[in-house]
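Please take a moment with the sequence and the model before reading on.

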Amino acid sequence: MMQVSKLTDLYGREGLSPGHTACQGCGATIAVRQVLLAAEPPYIVVSPTGCLEVVSSQYPYTSWRVPWVHVAFENAAAVASGVEAALRALEKKGLGKRQKVIVIAGDGGTFDIGFQALSGAFERGHNLLYICYDNEAYMNTGIQRSAATPLGATTTTTPTGKLEMKKDITSILVAHGSPYVATASPHLWKDLANKVRKAQSKEGPTFLHIVAPCPRGWYFDSHLTIKVAKLAVETRIFPIYEVEHGRYRINYPVPRPRPIEEYLKLQNRFAHLLKPENAHILEAFKQWVESRWNHLLKMAEAFPL
Amino acid sequence: MTGNDAAAYAVKQSDVDFISAYPITPQTIIVERLSEYVASGELHAEFVATESEHSALSACVGASLAGARAFTSTSSQGLALMHEILYVASGLRCPIVMAIVNRALSAPLNIHGDHSDVMGSRDAGWIQIFAENPQEVYHYLIQSFRLAEHPDVLLPVGVNLDGFTVSHSSEPVEVLEDSVVKEYLPRNERPRLDYYSPATFGAFALPTHYFEFKVEQDKTLRKAGEVLDEVAAHYPSPEGRLRKIDKFNEDGRIAVIIMGGTTGTLRYAIKSLRFRDFSLISLKLFSPFPSRELVEAVSDADAVVVMDRSMSPGAPLHPLASNVATSLYEAGVSVNLISVVYGLGGREPTIKMVLEMFEKVREIARGGGKRLSRLFLGYQGDGL
Amino acid sequence: MLIPIVFEAGNSAQRSMANWRSNKPIIERNQCTNCLICWIFCPEPAIFMDESGNVQIDYEHCKGCGICAEECPRKAIKMVMESV
């Protein structure tokens, strides 16, 4: 496994070509670009329906410079299972060569409608890397809440702010016995790239949860995408860690977190949260962030990598 | 072998690469047999026990697009759950073969045989073949792979067998040699997922493009009927050749059209000399619908009886009868049609019931009168 | 045969995204050290390195989001309003 240390290590192998119709400043395409630059060929990409799929595959155009398949919304992990097993079978018969399988899915197709297929694929132990670009809502259909939407966020289906916590997808997949589950942010490109390569080097189903700020749905100016991702990490809202066979390592410790308000005030989807009458929700949000961070610290202490 | 045994045996010999399936009564035996064959090494394929039928067909689509020969099987609720992906499989031109063990759809829940499951998906663009007995299940599954993978077709194929009456009934089944089947099913090149020749499968089409894709699919499905004859002509067992219709007692003046296992019951009833005025048209291909062959077979008849093992509630006619009526209309053939709904939820017609129905049909045919009559065979409720 | 498969990988590059812009990024050549930070953060990508190793903007595909200007460590990129 080749370590990535400089940007020039990644330059040259774009998997995505421009001319796709993603919004200006789309966090998802930044994340996906980085993933494909780091991924070691040969590989096949499977995507469910979502922002990425729609912006990249308007017939007769495609932004995919690598082989790519889209079937439906809820079954990317099932389709990927089929591709992976089929390539194994064909190789055994001398009818083809095995190639790696990478799923690139949004939070909708992973946390909600795609959850069953995800769980099934992980339980069966297929060799695949599952990348979830998390823009924290069903963005392509116009910003509706998903299980990945954080507490308090406004979406069209939670106009007064979501009341439920964000689903803890990484813990769920660690519980499935995945050999490698990690989080990443596009502003930490080196960490993201190395995690992609590390995940690919493992046997079995691996998962990379990437925060993908959405200027449109989170309501911030398009030039701030990387800043917002950075603040998500620096406020401990989106911790950067990896879990290898159930052993935890916090890759980016945040000893002095930035105030959460700094992150919230950049995004209009949290505007109401900063109003005095909603102080109790803000407090609940802060407590959720803190308890999760402490839980992570405890896990890293009890099961260190 | 039972119908399920025969299905599994045919799939084993057909050198499939990939199987993903989920158990459901009465299909489960097919899945179990195939698991055994894979585990024992008799069948070199990857068997993926997916967590649902929807995932099973999704995995087949992925496998098929990766270049593998893929198979799955299901019934009833499972087929209904796969519904969305049925359209994708045909739209993406995946040559998947599926054995559908026909079973009634819930609600109310019923695990016994009728055709409502496959009829609920008849617009999905799949080739649909109906087998009458385990022997046909065996022959037709093998030919389905060649038909599906034919470069002029590249469409998924369903082989239907009645739940329990065909799937679980045992009869002697003649099988071909492994090598003979292997020779009959060569591999063809088709576009596939490959890093060294990258393509995009499953792009979305705006209104500017969608219409043409669908019409093309329809055209291809219609042409598949011709390819079927060619595929069957090469089949090493002449008796086993896939055909669109089969005629029995052609001199009979009253034509009865039926698909699936109950064909045998009707044939037996007609054989008894009292009913030599009936001719039996056993339909093996439902989609693409062989209008021409069917009209030719019945255009001289005094009356045409169509047996449907499913219903289209609220519709003027049930699925098979509707297709027959339309075919006759287009050909300008004017003949009285008697639509019979039978066997729903596994209520298999007995010989006695069939003979009673034939008497009733004779009465109706003799009377001249109504263009279209509707009967239920075996219904025990009030009214009709 | 008309099948919904696109065989020309990456052909969306044929589509110009230039008219999405209100502002365009201009690289100050003498400030830029070709560090490639702007390149790794571009969503398109609409940034590339030319034969002499200089980082350039691909104006056919740049949507003017402004991330490059925001993230450049040397503030070598300015967003300038597009001319009408």
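What follows is a short walk through chain B.

The model is predicted, so local features need pLDDT of at least 70 and side-chain atom pairs count only at pLDDT 80 or more, while totals for chains, interfaces and linings use all residues. Residues are numbered from 1 along each chain as its sequence is written, and chains are lettered from A and ligands numbered from 1 in the order in which they are written.

Chain B is assigned domain 1 (3-239) and domain 2 (245-377), with bounds that come from an automatic or database domain assignment. The centres of these two domains of chain B, taken over C-alpha atoms, lie 28 Å apart. To their contact, domain 1 of chain B brings 27 residues and domain 2 of chain B brings 21 residues, where contact means that C-beta atoms, placed from the backbone, lie within 7 Å.

Within chain B, strand β4 covers residues 97-102, and six of its six residues are buried, that is, 20 or more other C-beta atoms lie within 10 Å of a residue's own, with C-beta atoms placed from the backbone. Strands here are DSSP runs of E with at least two residues, and helices are runs of H or I with at least four, numbered from the N terminus. In a regular strand the side chains alternate between the two faces of the sheet. On one side of β4(B) are B:V97, B:A99 and B:V101, and on the other are B:M98, B:I100 and B:N102.

Strand β3 (residues 70-74) of chain B pairs with β4(B) in the parallel sense over four bridges, pairing being defined as at least two bridges found by DSSP. β4(B) also pairs in the parallel sense with β6(B), over six bridges, and there B:G158 is the bridge partner of B:M98.

Notes:
Two residues are in contact if their C-beta atoms, placed from the backbone, lie within 7 Å. A residue is buried if 20 or more other C-beta atoms lie within 10 Å of its own, exposed if 12 or fewer, and partly exposed in between; C-beta atoms are placed from the backbone.
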